Amino acid sequence: MNPTLVYPAKDSPFGRTTGALAPHDRTDELVRLWLHGRCGSTRRAYEADIARFVAFLGKSILSVTLDDLQAYADTLDYLKPASQARVMATAKSLLSFCTAVGALPYNPGSAIRLPKPRSRL
């Protein structure tokens, strides 16, 4: 079985293309387990965030480094701070899950600080 992920198309923030992952890559399996039990709208938002993250990485989620996360965060400057925080929180959550289940020996996301959204009060 050759797992696949749906990646956003490079020319459109909302387009999708399908890319095959290497058979040894467990990204699809880990994302599926991480998303288990989440409601539909949350699941779709997380799937989109993680698909963009994986497409940016161009490698397995199991190879993520702090440098990768910082580079990804730098690409999100077109988003408002609250959206940047949500996208990065999604990536950090998946990495925390991967660490908790033993797929990663350490969590590179633990060193990332999320942008602070402005208070609207």
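I began with Tyr-72, which is buried, with a relative accessible area of 3%; buried means under 20%, exposed means over 50%, and partly exposed is in between, using a 1.4 Å probe and protein chains only. I noted that this is a predicted model, where local features need pLDDT of at least 70 and side-chain atom pairs count only at pLDDT 80 or more, while totals for chains, interfaces and linings use all residues. Residues are numbered from 1 along each chain as its sequence is written, and side-chain values use heavy atoms, with hydrogens and water left out.

**Entry 1: the outline.** I looked up the elements and found four helices and two strands, in the order β-β-α-α-α-α along the sequence; helices (H or I, at least four residues) and strands (E, at least two) are DSSP runs, numbered from the N terminus. Of the 121 residues of the protein, 36% count as buried. I also noted an accessible surface of about 7600 Å², of which 54% belongs to carbon and sulfur atoms, the areas coming from the Shrake-Rupley method with a 1.4 Å probe and, for residues, only the protein chains shown counting as cover.

**Entry 2: rings.** How many aromatic pairs are there by the ring rule? I counted three aromatic pairs, where rings of Phe, Tyr and Trp (its six-membered ring) pair if their centres lie within 6.5 Å, and planes under 30 degrees apart count as stacked, over 60 as edge-to-face and the rest as tilted. One of them joins Trp-34 and Tyr-46, which are stacked at 5.2 Å centre to centre with 20° between the planes. Trp-34 lies in helix α1 and Tyr-46 in helix α2, so this pair ties together parts that are twelve residues apart in sequence. Trp-34 counts as buried at 4% relative accessibility, whereas Tyr-46 is partly exposed at 23%.

I then turned to Phe-56 and Tyr-72, a tilted pair at 5.3 Å centre to centre with 50° between the planes. Phe-56 belongs to helix α2 and Tyr-72 to helix α3, so the pair ties together parts that are 16 residues apart in sequence. Phe-56 is partly exposed, with a relative accessible area of 35%, and ring pairs link Phe-53, Phe-56 and Tyr-72 into a cluster.

**Entry 3: helix α4.** I checked the length of α4, residues 81-100: at 1.5 Å a residue, its 20 residues should span 28 Å, and the end C-alpha atoms are 28 Å apart, which agrees; the expected span is 1.5 Å times one less than the number of residues. Which helices do the buried residues of α4 pack against? I found that they pack against α1 (27-35), α2 (40-57) and α3 (66-74), and among these buried residues are Val-87, Met-88, Leu-94 and Leu-95. Just after α4, Gly-102 takes a positive phi of about 85°.

**Entry 4: the core.** The largest nonpolar core has 22 residues, and those with the most contacts inside it are Phe-53, Ile-61, Val-64, Leu-69 and Leu-94; such a core is a set of buried Ala, Val, Leu, Ile, Met, Phe, Trp, Tyr and Cys residues joined through side-chain atoms within 4.5 Å. Each of α1, α2, α3 and α4 supplies at least two residues of this core, and the largest share, six residues, comes from α4. Leaving aside residues up to four places away in sequence, Leu-94 touches Leu-30, Val-31, Trp-34, Ile-50 and Ile-61, a contact meaning heavy atoms within 4.5 Å.
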